[in-house]
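Open the model in your viewer and keep the selection panel at hand. This tour goes from one selection to the next and says what is there.

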Amino acid sequence: MKIPGIGRNDPCPCGSGKKFKHCCMGKENSTASGQGAAGMSELLRKALEGRQFNSLEEAQAFVARHAQEQNRRPRDEFHGLSPEQMHQILNLPFASPGLVHFPEVLDANPTAPILTLFGLLTDAIGEQGLKPTAKGNLPRNFCREAALAYWGEQRYQEKTRYGGINREEDFDDLHVTRLVAELAGLIRKYRGRFILSRDCRRLLARDGMSAIYPTLFRVYAEQFNWAYRDGYPELRLMQSAFLFTLYLLTRYGDTWRPQVFYDDAFLRAFPMLLDEVPPSQVFSPDESVRNCYTWRSLVHFAGFLGLATVEPASDEFLCREYRVKALPLLGQIVQFQLAK
């Protein structure tokens with residue numbers, strides 16, 4: 001479906017927040033945001049009723065203005081954001097100064113699980129470097145020592161009850177920290193050893209973890225593939241919408257809420273995700289997306305980066321219900337510039 005006056009890279013007039021070429025362009029029956037191409041056409045048809053145009057250019061200009069007006073209106077399913085703002089959140093999260101600001105250096109010294117592990121890693125590397133295994137991973141003894149320091153004795157025993165840490169991948173949080181640090185150019189291999197990069201040493205010497213954290217945050221959000229950490233479908237939109245998750249936590253995270261609150265909010269904003277889930281004999285598309293969002297966006301992103309506390313709602317074994325509350329670090333790293 002080609003709408004006159006709407007460019008391929010413009011926000012889709014259906015209000016999904018996605019680019020037109022990635023949403024309703026060429027689709028007649030899309031259901032994005034509960035409206036899709038069919039709903040978009042109906043709104044446009046009503047707007048055109050009784051109007052006369054003297055030229056094609058005049059008609060195209062009207063359609064463009066109509067789409068712009070629709071995309072600037074706040075939407076309930078976006079919790080007060082407009083489709084235009086959602087378009088920025090999805091496609092330009094780090095290049096929308098009128099919407100959000102990310103400091104390069106934090107005012108206060110941050111604390112987060114990823115930083116705890118990064119600190120253990122940099123201490124182990126030190127001035128002499130750290131020799132990797134034959135496969136290029138962190139040495140086993142260091143992984144065990146880091147796990148003990150990170151979890152504490154009691155939790156370490158619980159975590160290793162049915163299988164010890166014999167390789168880097170057995171300690172997933174440390175493995176991910178190392179991958180993200182390498183992607184960020186903070187550590188690298190040189191002459192057969194892990195070393196701290198020149199940039200890492202400069203940042204640590206100048207501002208410490210207050211400068212390191214924004215670098216790790218951006219790389220985790222943009223470059224590291226979140227799907228690597230779990231067995232759920234790719235669902236790239238979930239990672240692309242990381243800023244919407246942080247917007248929800250900023251708006252509602254001042255009090256404890258069940259994870260289903262955030263699951264609901266995310267699915268209401270992006271119902272098209274249900275169509276991207278491969279068929280399963282175990283879970284429905286709704287269950288798959290919700291489970292994926294809880295683990296990928298809340299536990300492994302917001303929780304691991306210290307932006308929110310995400311903890312089991314009970315002491316039951318294999319508890320699948322969590323409660324969520326924002327942490328002060330969220331307001332330090334993400335500063336929304338929204339009119340009240």
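Start by selecting aspartate 230 and arginine 296: both are buried, where buried means under 20% relative accessible area, exposed over 50%, and partly exposed in between (1.4 Å probe, protein chains only). The two form a salt bridge, and their closest N and O atoms are 2.7 Å apart. A salt bridge here is a side-chain nitrogen of Lys or Arg within 4 Å of a carboxyl oxygen of Asp or Glu. This pair links distant parts of the chain, 66 residues apart: aspartate 230 is in the loop between helix H9 (209–222) and helix H10 (236–240), and arginine 296 is in helix H13 (residues 285–303). Helices (H or I, at least four residues) are DSSP runs, as are strands (E, at least two), and they are numbered from the N terminus.

A note before moving on: this is a predicted model, in which local features need pLDDT of at least 70 and side-chain atom pairs count only at pLDDT 80 or more, while totals for chains, interfaces and linings use all residues. Residues are numbered from 1 along each chain as its sequence is written, and side-chain values use heavy atoms, with hydrogens and water left out.

How many salt bridges does the structure hold? There are 15.

Next, select helix H7 (residues 172–183), which contains both arginine 178 and glutamate 182, four residues apart, or about one turn of the helix. Their side chains meet in a salt bridge (2.5 Å, N to O). Is arginine 178 buried or exposed? It is buried, because its relative accessible area is 5%. Glutamate 182, at 25% relative accessibility, counts as partly exposed.

Now select aspartate 207 and arginine 206, whose side chains also meet in a salt bridge (2.6 Å, N to O). Aspartate 207 counts as partly exposed, at 30% relative accessibility.

Last, select helix H4 (residues 113–125) and helix H5 (residues 140–151), which pack at an angle of about 140° with their axes 11 Å apart. Axes are lines fitted to C-alpha atoms, for helices over the stretch in contact, and angles run from 0 to 180 degrees between N-to-C directions. That angle makes H4 oblique to H5; under 35 degrees counts as roughly parallel, over 145 as roughly antiparallel, 65 to 115 as roughly perpendicular and the rest as oblique. To see the contact (heavy atoms within 4.5 Å), show Pro113, Thr116, Leu117, Leu120, Leu121 and Ala124 of H4 with Phe142, Ala146, Ala149 and Tyr150 of H5.
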